[in-house]
Amino acid sequence: MNTDAILSFEEAMEKYDPVLGFEVHVELNTKTKMFSSAPNVFGDEPNTNVNEVDLGMPGVLPVVNKAAIESSIKIGLALNCKIAESCRFARKNYFYPDTPKNFQTSQYDEPIAYDGYLDIELSDGTVFRVEIERAHMEEDAGKLTHMGGATGRIQGADFSLVDYNRAGVPLVEIVTKPIEGAGSRAPELAKAYVAAVREIVKNLGVSDAKMERGNVRCDANVSLRPHGRERFGIRSETKNVNSLRAVEHAVRYEIQRHAAVLDAGEPVIQETRHWHEDTRTTTSGRAKSDADDYRYFPEPDLVPVVPSRQWIEELRATLPEPPAARRKRLQADWGYSDLEFRDVVNAGVMDEIEETIAAGASASVARKWWMGEIVGRAKNADVDPGQLGVQPATIVELSRMVEEGKINNKMASEVLDGVLAGEGTPAEIVEKRGLAVVSDDGPLLEAIDAALAAQPDVAEKIRGGKVQAIGAIVGGVMKATRGQADAGRVKELILEKLGVTV
Amino acid sequence: MTDTKELIRLSAAKLAEKLAAGEVTSIEVTQAYLDRIAAVDGGERGVNAFLHVNAEEALAVAAEVDAIRAAGGAEAEALHVLAGVPIAVKDLIVTVGQPTTAGSKILEGWHSPYDATVVERLRAAKMPILGKTNLDEFAMGSSTEHSAYGPTRNPWDLDRIPGGSGGGSAAAVAAFEAPLALGTDTGGSIRQPGAVTGTVGVKPTYGSVSRYGAIAMASSLDQIGPVSRTVLDSALLHEVIGGHDPRDSTSLADPLADLVAAAKTGNVEGMRIGIIKELHGEGYQAGVENRFNDSLELLKEAGAEIVEVSCPNFQYALGAYYLIMPSEASSNLAKFDGVRYGLRVLPEDGPMTIERVMGATRAAGFGDEVKRRIILGTYALSAGYYDAYYGSAQKVRTLVQRDFEAAFTVADVLISPTAPTTAFRLGEKLDDPLAMYLNDVATIPANLAGVPGLSLPGGLADEDGLPVGIQLLAPAREDARLYRVGAVLESLLEAKWGGPLLAQAPELGELVEAKEAK
């Protein structure tokens, strides 16, 4: 149960200035692991994608995955970083059963990429520069599942299962410098920053970039200081905030919580916090202190990584267009207005619209579906739109059915609900639910006559050339047919009946 | 058929010749060694060089080689020169089909699912593996007394230590229980046992033999190498196990030099051989010093130029070694926690948390010397101490490397006694770790610098009649020089002795029996 007091966000902003910092872990989608030849595949049977190296068997040695270095350099370049002339791995020593060697092989004081920046566009179009401190390579740990307890956490569990499939999966950790000056935009900036990183690694093709699978994981650091003070406050680190919305919410919540602590005249505790999506709150994790001594030292089993300048330039030449340029291009291609496009970006459905257009939908149809139908549903379900699982092909099929007059828009929306409920393909759902546009003109003509009779003044206006008034009649017909009529056909029949040609 | 008593005393090179000529079969050779192991290794007063004897598999490999030879043709032609010559493997090196213990209770009964690269290469050469040899637990020691499975005894005097950590491999070869063996050398674990048992041991250039499958003590210092009775035999074995391995990132890419040819060069005329001022004299047993001087005389007579070099930073090498080695070891040994393999000990009472199970397992599974080094290393790497200990030790390491570089501008090969004393008595230094550590004072600099070193028998000390080792050191990647000088010195010494030094060793069979009769 969470009992932390919080201040309202507005009040917190009146008194304090937030400073943010992010550590984003990106799982690379290399074929094999960071230091072994075992496959790097998500979702397989536990402990099948492991060999003696991943299990930390006696006598084994690591070998660095060249593809992982290449991906790391690409990420570094896309973040406008400098690439190290030479860099080493280190051992981070701690005992925990998800780490087979009881140390994690990670870069420590010699990251492969450092001193970069990322320009983040906020919803109103302002650009905020986030400085990147470093991007370094490391290996992921295995996955522990705590069994027997009520919470799924280690406390109260009877035993724990460990899956080493993820142990040794290559990670790049991107660390920002402290981000100052975001003010009340801090939660928005947090979300936009993580979205931008995700977009970059996705476009580079170096990660599957699925947050729900943990391909991109964010630790968010928040501290507050009174307005006008230079020195940073004590920070908390909220771990594994694993959706874009959660990043925004977690930063907002921590700002409110810190503000309440500071207002009460108490010190903020430097600690890790756990994010709870259900309550949108954090709870205290482990206190960070000097007791955390990882006894880092250079990994003696690996030689330094020395990427040649020529290789770096070759990789630079292969980089895809930067996100800002890409946005400009997509907006032009799709013909969206500035406002329309910004809404699309802010809703986080630009990639989805691109995929839907690639699958055969027109730009306006894709926008209509994503912005008009899916974003709202995602909001209700409290997930990111991409996480609803809507396939581009589904939208293409639905919009084709509408164009062909088989169903109308209202029905299509209903069919989409069916698809999301797992009832089958759009065609199957139309069939099952008996959704089909009434195409026999007989019943339609009766309904049209009734509608015209009910609104003679409107009928008169249309006869007089005010064709736009036809909506009222169409509405009456649709109402009478409980939405099963093809609105296009209804319109045609009304005009025909009134002898108006357009 | 050769008398088996003679057969087991032949060098590996000689055995290989006889096998190739069909004068003897691999089955006969392998069985002769297995019989010798059965005769002298076991029992209360046995040598205890072997922790595991791999008779069935060894004989099967021997039979395969014999069958190929008997059939003749291309396959027989393609056999490796050492095919059918048996070998023993230090139990720090993992093997499929045999247990690997590292001399520790924590790995008792553990079988590796994979072969070390060097073992793969032995198998490819079709060398029957006789078994796994005893060692100080996780190779931590200079006497093999820190083995969890009892000490190995020195075949020259069963009440003395065979050196360490590779006492098992050296004793097995010295006691004619194997013609060849593999060792590992982190601070002298191949060379010092070679010295005190009158055998040859080589620590190759760091990176020239794959470490994949050697259970790591100190990754930046460990190196697998050959153990044998002659310099040529070590060269033959070194060529089997050496060369690049993509599974070891520290493995050198260069092809191996022709070491066997180097061992057969036969002259040292004009070679500059450097005496290291800091590695003899004070602190060295008189008999050791005398035999060292004999070797210098012989080399000078053979036309080598003897020069003196100074390596002033070697005095800090031991101290630096005892920070770097335990630091790396403390991390390398963290994986032995009872979670995935090996021993698991549950706490006697209280909550069964992972920390407590790991703690109970490590408390019960590791011996005192291992714990001592883990504690030392953990301390040296701790925040606030890192710079003063690990950091300073790395600086010394650089200085030692520079000393070597300077020395090799005036000398082609350096020479010193391998160890300051001959074999001490079992138990003599067990309670005095620092005295034990001092035994490695002459071997450690080579590990810190990554340069190759070879120890060969230099004769018997006047005061105790026990073997003295002569160490040769060469620049990195110049292992061939060791074999060239080593083979020449060996032949000069054997000419002086009228045969191999081991011919002067006591008749072990009777010794073991006599002890048992007592």
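Two strands are taken as paired where DSSP finds at least two bridges between them. In this predicted model, strand S2 (residues 87-90) and strand S3 (residues 129-133) of chain B meet that criterion, with four bridges in the parallel sense. Within this pairing, B:Ile87 has B:Ile129 of S3(B) as its bridge partner.

Both strands belong to an open sheet of 11 strands in chain B. The strand order is S1-S3-S2-S4-S6-S5-S10-S11-S9-S7-S8, and the pairing is mixed. The edges are formed by strand S1 (50-53) and strand S8 (305-309) of chain B. Each has a single partner strand, so one side of each is left without a neighbour in the sheet. On average, neighbouring strands of this sheet are turned by 25° against each other, direction ignored.

Chain A comprises 16 helices and 14 strands. Its C-alpha atoms fill a box of roughly 90 × 55 × 55 Å along the principal axes. Of the 502 residues in chain A, 42% are buried. Among contacts in chain A between residues at least 6 apart in sequence, 68% join residues at least 24 apart.

Helix H3 of chain A covers residues 186-204. At 1.5 Å a residue, its 19 residues should span 27 Å. The end C-alpha atoms of H3(A) are 27 Å apart, which agrees with that expectation. A:Gly205 follows H3(A) and has a positive phi, near 80°.

Key: Residues are numbered from 1 along each chain as its sequence is written. Chains are lettered from A and ligands numbered from 1 in the order in which they are written. This is a predicted model: local features need pLDDT of at least 70, side-chain atom pairs count only at pLDDT 80 or more; totals for chains, interfaces and linings use all residues. Helices (H or I, at least four residues) and strands (E, at least two) are DSSP runs, numbered from the N terminus. The expected span of a helix is 1.5 Å times one less than its number of residues. Axes are lines fitted to C-alpha atoms, for helices over the stretch in contact, and angles run from 0 to 180 degrees between N-to-C directions. A residue is buried if 20 or more other C-beta atoms lie within 10 Å of its own, exposed if 12 or fewer, and partly exposed in between; C-beta atoms are placed from the backbone. Two residues are in contact if their C-beta atoms, placed from the backbone, lie within 7 Å.
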